[in-house]
Amino acid sequence: MKGFVFDLDGVITDTAKYHYEAWKALADKLGIEIDLKFNEQLKGISRMDSLERILAHGNKQDQYSQAQKEALAAEKNEAYVQLLQNLTPDDLLPGVKDFLLEAKAKNMPCAIASASKNAPFILEKLEVIDLFDAIVDPATLSKGKPDPEIFVKAAQSIGITPEEAIGFEDAQAGIAGIKACGMYAIGILAGEPLDQANQTVHTLSELNMNELIAL
Ligand code: BG6
Ligand code: MG
């Protein structure tokens, strides 16, 4: 293997709780009930697609114009970004910093393949942005996860093929995208089982870098 491709939310840091808090506040306001189980479906899914799923869940998908939906998504994002202000390097998930430093020491390039438009801001807050060689801009994608496009672009951005990369994901949609382009998938277990992954771990500390390179 010649490089690593990381999802952000749920792999590098646990922002799922903030996404949930912000969506829940919006859903409450719209009179739609969502819970943590429903929230699992939103992992890895873009902001607009998440809003569509929430509206559909409340049978309100036809009640808003495109402009109104964009305003709702922006409102959620403002609440979310507010919650991100307190992120610090302490919010990196266990093993992440050491893994990234070891990858750098071994000349293994690392890319971010996240649906989040807030990825650069979050990586700066966590003080790890310099450890990544590339961040795919989700605005350039024609399809979101589970489509493999973002993972193909991530591999390209660090000059390798998907088959030469290991992808890390915490969401089913992401694992599906990784597998669909022939990339090796490591699932980070937090809630839902990730059956399609080549292997699963709870934290990156469980992995041996030399074994990954030798794959
Ligand atoms: C993904 C999250 O990483 O990014 C999703 O798992 C989120 O929950 C998506 O909707 C888009 O994020 P953002 O920050 O652009 O709203
Ligand atoms: Mg994720």
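How are the donor residues of the magnesium ion (ligand 2) spaced in sequence? The spacing is D-x1-D-x160-D. The model is predicted: local features need pLDDT of at least 70 and side-chain atom pairs pLDDT 80 or more, whereas totals for chains, interfaces and linings use all residues. Residues are numbered from 1 along each chain as its sequence is written, chains are lettered from A and ligands numbered from 1 in written order, and side-chain values use heavy atoms, without hydrogens and water.

The protein donors of the magnesium ion are Asp7 (OD), Asp9 (O) and Asp170 (OD). Donors are N, O and S atoms within 2.8 Å of the metal (3.2 Å for Na, K and Ca); water is not among the atoms, so sites may look incomplete. Asp7 and Asp170 link distant parts of the chain, 163 residues apart. Asp7 is in the loop between β1 (3-6) and α1 (16-30). Asp170 is in the loop between β4 (165-169) and α8 (172-180). Helices (H or I, at least four residues) and strands (E, at least two) are DSSP runs, numbered from the N terminus.

Ligand 1 has 15 residues around it (a heavy atom within 4 Å). Asp9, Ile45, Ser116, Lys117 and Asn118 come nearest. Oxygen atoms of ligand 1 make polar contacts (N or O pairs within 3.5 Å). One lies 2.7 Å from a polar backbone atom of Ile45. A polar backbone atom of Lys117 is likewise 2.7 Å from a ligand oxygen. For Asn118, a side-chain N or O atom is 2.7 Å from an oxygen of ligand 1. The protein covers 96% of the 390 Å² of accessible area (Shrake-Rupley method, 1.4 Å probe) that ligand 1 has on its own.

How values were computed: Polar contact = N/O pair within 3.5 Å; in protein donor to acceptor, adjacent residues only side chain to side chain.
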